[in-house]
Amino acid sequence: MQKEEFNYRCRELSAGLDFQLTKYVLDTVQEHRKSKSAGKLPVIWIETSDSGDNNIAFMNTTYPYLGQVLSGLIDLLYSNTFMAAQGKDALNILEQAATELRGKFTLVVEGAVPLKDNGLYTVIARTENYSLTARDVLTWLGPLAKYVVALGTCASFGGVSAARPNVAGSVGVRDVLKREVINVSGCPVNPDWFVGTLAHLLLFGAPELDSLNRPALFYGFTVHRHCQRRSYFDQGHFAEKLGDLECMFSLGCVGPRTGADCPYRQWINHVNWPVRANTPCIGCTNEDFPDGSSPFFTPLPEKNPPPHEEQPAASKGGAKGE
Amino acid sequence: MSKKRVMFSPVTRLSGLLSVEVVEERGGIIEAKAGGTLFRGIEAIMKGRHITDAVYLTQRVCGICSLAHGTVAGYLLDGLYDHELPENAQYLRNIMLAADTLQNHIRHFYFFSLPDYVKMPEQPPFLNQNLHDHRLSQQDNARLVNHYFRSVAVSQECHQLLTVFGGKIPHQHSFVHGGVAVAPTADKISQCLALIHSVHSFVKECLVPDTELIASAYRDYFRIGGTPGRFLSFGMFRFGSKNQSPLWRSGVLAGAQLSVPDVRLISEDITSSWFVNADGQEIPSPSKPAAYSYIKSVQYAGQTFEMGPLARMLINGFYRGGNSAMDRIYARSMETLLITELVIDWLNKLVPGPPPIQQKKVPVKEYAVAATDVMRGALLHSARIKGEQVEEYRIITPTAWNFSPKNNKVQTGPVESALTGTVIPGPDMLYTVLGRIIRSFDPCISCGTHVLNAKGDLTGKMVF
Ligand code: SF4
C-alpha cells in the first residue's frame, strides 16, 4: 500500500459516520506485517511530569482496543503503567532495550521535563546511590531512539506542568532534545491520534507534520472549521449560558485557533466532544495551553494572558483556519 | 544478620512515580520510606486565576481519577456561588463520578494488581515478571489472563458512559458548577443503561469471582499489610440541593469508635517532605536533607489515617472483614459491584429533560471548603478568593493521607506502617511482597504531590 493511499483512506474514513478508520488501520498493519514479515514497533514509554491522563486515554482506544494494540501493533517494552516487572527488574529491561534496540526503538515521552534544580522534580527511578531524573533519561535515550514521540500537551509544549508560575521550570521534550520530536498533543491525547501515529511510524515512517511538528492528519484543521455549531457562529447566534445550543464563542470557545479533529472524530468510541456537551473547547492541543485559554469561560478576545506573554495570533496553533 | 537497605524503584503499575526504600533485618522489614518522586504544583498554578477555571484545571491533577477533582472543585464552586442543585443534576453528577470510579477500580484490579498474583504471558509488557510466589492452577491462571484482556473493553465502556454526558474523559467538560451542562435525553439514558448493564455483568461474572479466587489462593494476605486501624471517610455520592447529604456516610473510625469528621482537625506536616518554609510560604526544596517524598504527611487530630474503599465499607457497615492487603482488594471489588447497581438505579431515576444547570453570575462567599470521598478516599479542596480571583487554593488528596511520610513525631503513614513488620519469606520474594502491599492502597502519586501556601489553616466547621 502506498503512503498517499493510506493517508487518503484515513481522511476519507474519518469523515464516515460508522467510524471505520482505526479498524482499517489495524487490518492494514496486519497485512503489512505479513507481507513484509515485519515485527511490531518496539516502544519505550517514559512517564515524566504529567497527570498520567495520556496512558488512561491510551487504554480507551477502540478498534483497535488496547489488547489488539499490544498484540498486533507495538512491543511495549518499558512502561511504568503496564509492565509486569518492578524495581531493578524494570530498569534492567530499560537498559537492555536501549542497548539491543539502539536506533530501532520508538521513545514515547508522556509528560513535561522539569529543568530547575537539576531536574529533581521528576525522578523516574532511584537507586541506593542516585536519582534518575526525567531529564537524565531523555538525554540518555533521546539520541538512541529511531523516533521520539511527545505524547500529550505537557510532553509536546510544557502544558499544565509548565503553566504559570511553572515552579519546576518544566519544558516540552523539544526543548531538551536536539532532534526531531513528533508532538501528539492534547490534554489528554485522543487515543486515535496516538495509535494512528504509531501505526504510521510502523507502516511508512514519520507522518507529515504541521508547523508545530504534529501529524497534520489529525491536527491539520481547526475545531472551528468542522464544528457542528459553525452555522450559529456565521449567523452571529451565540450561547448566553452553558447548556445552550448556540455557538460557544461567547462562553470562551478556543475552537477558532485550535488544531484538532474533535468535531467529527469525537471521544471514547466517538460518542461526544466538549462543544456537543454544551461547553466551550478549551484548546487543549495548543502550544499555549492552558495559559492561553484561561480564563476558560471568557471570550477569546478578552482572555487575559499574563503580562509577560504575548497574545497568540488567531492563526497560531499550526492549523489552517476558516 | 545485619541490616540491609534496599531501594524498591520504580514501583510500576500505578499512577505517577513512586520509590520505596526499606530496611531489612533477619528476613523482616523494620523500616519503610515511601516516596512520591514527582512534583507538579497545581495549587500554585491556580493562584491568581479565575475561580471558574478550577473544575477544568484541577482535573489535570490526575488522569485516572480526573473527575474526582472535577467533582470536589464543582462542590467548592457551588459553595462559593451558593448554587441550588436541581435533582437531575444530582443524579447525573453521581452517575458520572460513579462511572469514573468503576473505570478506576476495574483498571486497578486487572491492569495494576493482577500481575502481582497471576502469571502473565512472556511477552511485552509482561517481560521479567519475576513472580516467585504463584499459586493458581494453570486453568485458573489462563482464565484470569483472559479476563485481563476482557477488562480492557469493560473499563473503556465505563468511560464511554461518562463521555455520553461529559463530552470527553479524562478531564470531562459538562460537570461544572451549578449543575451539568448536558441534557439527559431519553436516547442518552438508554445508551448508558446498555453500557452499565454490560459493565455490571462483567463485574458480577468476572471481577467478583476473580477476587474471591485470588483471596482464597493467597489467603495469608488477610494477615499481611495491616495498618494501625484508623480509618477516615468524608462520605460519598452527595445528594441534596447543597451537596449536603452523602449516600454513604462519613466517619472517623478508630478501634470501635465511630465519630463525625471535622475538617478543622486536619493538619499537614513537611518534616520528611521536599518542602521548606520560607516567609510563611511552603516552597519545594528537592535537596532537603533527610526528606524523601514530595508527598506531605497529613493527620487528623494529630494522627495518620487510612482511607479508600476499605475505610468506606467498614464505616458504612457494608464489610465486616479485617484490615490487611487482601481486605483492601476485597473491599474495592465489593464496592465496584455496589456502585454498578447504584448507577442502574440512578439512570432509571433520571427524568429526560433540559440541561440541569443554574449558574449564578458572581460568588457570594470569599472562602469555601469542599470535601468528599472519591475513588481512593477523602479528597478536599479549599479556596480563598477575592472578587472572582483565586488568592489561595488548597488540595489534600487521599494518596497524601495513605502515603504520608514520617511526620515530626516520627509517626509513619498507613503505607509505611503496613510495610513495617512484614516478613519476607525469601530473598527473591521482596519485590513481590512489597508490591502486593503497596498496590492494595491503589497509589496515585500524580495526585499526591502539590504545594500550598502554608498560612492557610482550614477554617469553618464543615458539615458532613
Ligand atoms: S467558536 Fe467554538 S462553538 Fe462556535 S463554531 Fe467555532 S468551534 Fe464551534
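Predicted model: local features only at pLDDT ≥ 70, side-chain atom pairs only at ≥ 80, totals over all residues.
How many of the residues in the shell around the ligand are nonpolar, polar and charged? I get eight nonpolar, two polar and two charged, counting Ala, Val, Leu, Ile, Met, Phe, Trp, Tyr, Cys and Pro as nonpolar, Asp, Glu, Lys and Arg as charged, and the others, Gly among them, as polar.

Residues are numbered from 1 along each chain as its sequence is written, chains are lettered from A and ligands numbered from 1 in the order written, and side-chain values use heavy atoms, without hydrogens and water.

Ligand: I listed what surrounds it (a heavy atom within 4 Å), and the list includes A:His224, A:Cys227, A:Cys247 and A:Cys253.

Confidence: pLDDT (the predictor's confidence in each residue, from 0 to 100) averages 90 in chain A, with 89% of the residues at 70 or above. Residues 306-318 of chain A fall below 50, yet I find 19 contacts (heavy atoms within 4.5 Å) for this stretch beyond near neighbours in sequence.

Buried here means under 20% relative accessible area, with a 1.4 Å probe and protein chains only. Among the buried ones I noted A:Leu66, A:Val69 and A:Leu73.

B:Ile51: leaving out neighbours within four places in sequence, I see contacts with B:Leu77, B:Tyr81 and B:Tyr393, among others.

Key: Buried < 20%, exposed > 50% of the residue type's maximum accessible area, 1.4 Å probe, protein only. Helix = DSSP H or I, 4+ residues; strand = E, 2+ residues; numbered from the N terminus.
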